[in-house]
Amino acid sequence: MEEPMKPEDAWGLRWAGCGHPLAHRYMEAACEKRSLVILAADLPTVEGLVSLIEEVGDHVVALKTHVDMVEGFTAEGWDSVVTSARDRGMLLFEDRKFADIGRVTATQMAGIYDIRSWADFVTSHSVSGPDIVDGIASAWDDVKRVGGVFLLAQMSSRDNLLSDGYSSRTVAIGEASPHVVGFIGNGSSPPEIEALRSMVGVGGMIWTPGVNLEAAEGVLGQRYGHPGDAVRAGSDGVIVGSGIHGSGSAGEAARAYADASWAALLER
Ligand code: 6AU
């Protein structure tokens, strides 16, 4: 196998600029797999998830889950998803989109899904203010784990309410916290990603959903752009769901998204 590229060469300023250890884990794993793909594994069964992970494992750097989407959830079943993803070198990213006050959010990190015990990253809204981030971090502290928060600075769905002012205040919350590893941006719009990148500067991750190699629109208001354009505009990770799990061959699709995103990173 080809030697992986050195992360400082592939990622340039981002490698030095991002202080969070999990940002470094992500960037190293991206170099090993030559991919910036985060798989949005929006499937309703453990069996489906495990077989998808097996099919795409070589090309996916992080597994993004909606654990509350799984029918007939059991801790044992979920364990098999986590183990399967870890065995294939993926980081685990629970897209919980927390939005409550800090204290309640800390309890939601535990509970039936016990997100704090397996997730490396989680998503959170910033609408309730900065303490939500401390609530999430305290839950990781309780189980002696370190995790990273992605704040939603933009969204990919049409007519969403996240204005430019909201995005910049979200970035300010993130910059003030060592627990925030980065931001979610709107992958369907390169100009919006560029605007977010200028707010974030070099020292934060931007991961972008709303990318697809074929479609411009999804169901129920989802919008799409090209993954290569998103990365060239400043995205560090492309979050891909139906473009992979909804295609005839998930493995081949994952490779195509990996190739497009990696080539765009090397062009930057
Ligand atoms: O590629 P898709 O359209 O099949 O899936 C997109 C995935 C879904 C959404 O929950 C998620 O990306 N997403 C997110 C986040 C945080 O990942 C934010 C957003 O604005 N839009 C969006 O689609 O799993």
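These legends walk you through a few close-up views of a predicted model. Local features need pLDDT of at least 70 and side-chain atom pairs count only at pLDDT 80 or more, while totals for chains, interfaces and linings use all residues. Residues are numbered from 1 along each chain as its sequence is written, and side-chain values use heavy atoms, with hydrogens and water left out.

**View 1. Here's who surrounds the ligand.** The shell has 15 residues, each with a heavy atom within 4 Å of the ligand. Asp42, Lys64, Ser156, Tyr224 and Ser242 come nearest. By type, the shell splits into five nonpolar, six polar and four charged residues (nonpolar: Ala, Val, Leu, Ile, Met, Phe, Trp, Tyr, Cys and Pro; charged: Asp, Glu, Lys and Arg; polar: the others, Gly among them).

View 2. A polar contact here is a pair of N or O atoms within 3.5 Å. Side-chain atoms of Ser242 at 2.6 Å, Gln222 at 2.9 Å and Asp95 at 3.2 Å each sit across from a ligand oxygen. The protein buries 89% of the 510 Å² that the ligand exposes when taken alone (Shrake-Rupley method, 1.4 Å probe).

**View 3. Follow the strands around the barrel.** Eight strands form a closed barrel in the order 1-2-3-4-5-6-7-8, with parallel pairing (strands are DSSP runs of E, at least two residues, numbered from the N terminus; two of them pair if DSSP finds at least two bridges). Strand 1 (residues 37–40) joins strand 2 (residues 62–65) through three bridges, and Ile38 stands opposite Ala62 in strand 2.

Notes: Polar contact = N/O pair within 3.5 Å; in protein donor to acceptor, adjacent residues only side chain to side chain. Helix = DSSP H or I, 4+ residues; strand = E, 2+ residues; numbered from the N terminus.
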